[in-house]
Amino acid sequence: MPHAEVSAIIPSYGYCVADDTPFANEVFDPEAIDDYYYATERTREALWRYHSNTNYSVVDDSVIRDLYRRSYEDDLRDVGRLRFLRLTRVAGVRSVGAQTRVSLRAGIDGDLRDLDVDVLVCATGYAAMEPTGLLGDLDQYCLRDEAGRYRIERDYRIVTAPEMQCGIYLQGGTEHTHGLSSSLLSNIAVRSGEIIDSIVARSAERTAPCAVLAEA
């Protein structure tokens, strides 16, 4: 829609650029999982703080520059088709006739003002996968850490109570133990291979003959 007026509501001063530099992207390498899994909680928090901008709440540099160029050109033509409402948050949304009225709160003075729009797009991200609903009654056998998250072993198997005989593995939803790469589709093959190796190894342990020590 070339004639549409677009207002971008941004709580910060502008979009944050995604860090896709080679060194930063090594956080997604399979070898980096051990660095995260075996680290202290303090180190994990630091790694997340340093490198979350590789994947979360960030925009590609080329997209930011293109948006800025378009906005600048609109200002030169006095068009104002693309507007950036910086340091602003959405305080409420309601329907008014055929339109949607968005209440905005500016971060500088905190004043409220309304913006009527035809279409509202909420780019608020997504919640991390919570597998509890999928497990049903099995959830009661899954052990959790002090923060209420599943305890996960290095091979992506949930730590379960002794009476649980089968293994429950997670393909995703393990960022708190395995780091940023846990949500990436590009690492599914590696994770799947590790899970399969674990299943085979654990099955072999259960079927292996027991060693008997006989004393004379």
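# Exercises on a predicted protein chain

Buried residues make up 27% of the 216 residues in the protein chain. The model used in these exercises is predicted.

**Exercise 1. Describe the secondary structure of the protein chain and give its order along the sequence.**

Solution. Begin with the count: the protein chain contains seven helices and five strands. Next, read the elements along the sequence, which gives the pattern β-α-α-α-α-β-β-β-β-α-α-α.

**Exercise 2. Compare the radius of gyration of the protein chain with that of a compact globule of 216 residues.**

Solution. Take the reference value: a compact globule of 216 residues would have a radius of gyration near 17 Å. The protein chain has 25 Å instead. Then turn to the extents of the C-alpha trace, which spans about 100 × 40 × 35 Å along its principal axes. For contacts with a separation of 6 or more, residues 24 or more positions apart account for 50%.

**Exercise 3. Describe the surface of the protein chain and its charged side chains.**

Solution. The accessible surface comes to about 15200 Å². Carbon and sulfur atoms hold 55% of this surface. For the charges, count 23 positive and 35 negative side chains. The centres of these two sets lie 6 Å apart.

**Exercise 4. Decide whether S103 is buried or exposed, and list what surrounds S103.**

Solution. First place the residue: S103 belongs to strand β4, residues 99-106. The relative accessible area of S103 is 11%. Buried means under 20%, so S103 is buried. Next, look at the contacts. Setting aside residues up to four places away in sequence, S103 touches R89, V90, A91, G92, R94, R113 and D114. With D114 there is also a polar contact between the side chains, at 3.1 Å.

**Exercise 5. Two residues, L87 and Y156, have a positive phi; find where each lies and how accessible each is.**

Solution. Start from the general rule: most residues other than glycine have a negative phi. L87, with phi near 50°, has a positive value although L87 is not glycine. L87 sits in the loop between β2 (82-85) and β3 (88-96). The relative accessibility of L87 is 31%, so L87 counts as partly exposed.

Now take Y156, whose phi is near 70°, again a positive value in a residue other than glycine. Y156 is placed in the loop between α5 (132-135) and α6 (175-178). With a relative accessible area of 1%, Y156 is buried.

Notes
Residues are numbered from 1 along each chain as its sequence is written. This is a predicted model: local features need pLDDT of at least 70, side-chain atom pairs count only at pLDDT 80 or more; totals for chains, interfaces and linings use all residues. Side-chain values use heavy atoms; hydrogens and water are left out. Helices (H or I, at least four residues) and strands (E, at least two) are DSSP runs, numbered from the N terminus. The radius of gyration is taken over C-alpha atoms; the globule rule is 2.2 Å times the number of residues to the power 0.38. Buried means under 20% relative accessible area, exposed over 50%, partly exposed in between (1.4 Å probe, protein chains only). Contact means heavy atoms within 4.5 Å. Accessible areas come from the Shrake-Rupley method with a 1.4 Å probe; for residues, only the protein chains shown count as cover. Lys and Arg count as positive and Asp and Glu as negative; His and the chain ends are not counted. The place of a charge is taken as NZ of Lys, CZ of Arg, CG of Asp or CD of Glu. A polar contact is a pair of N or O atoms within 3.5 Å; within protein, one must be able to donate a hydrogen and the other to accept it, and residues adjacent in sequence count only if both atoms are side-chain atoms.
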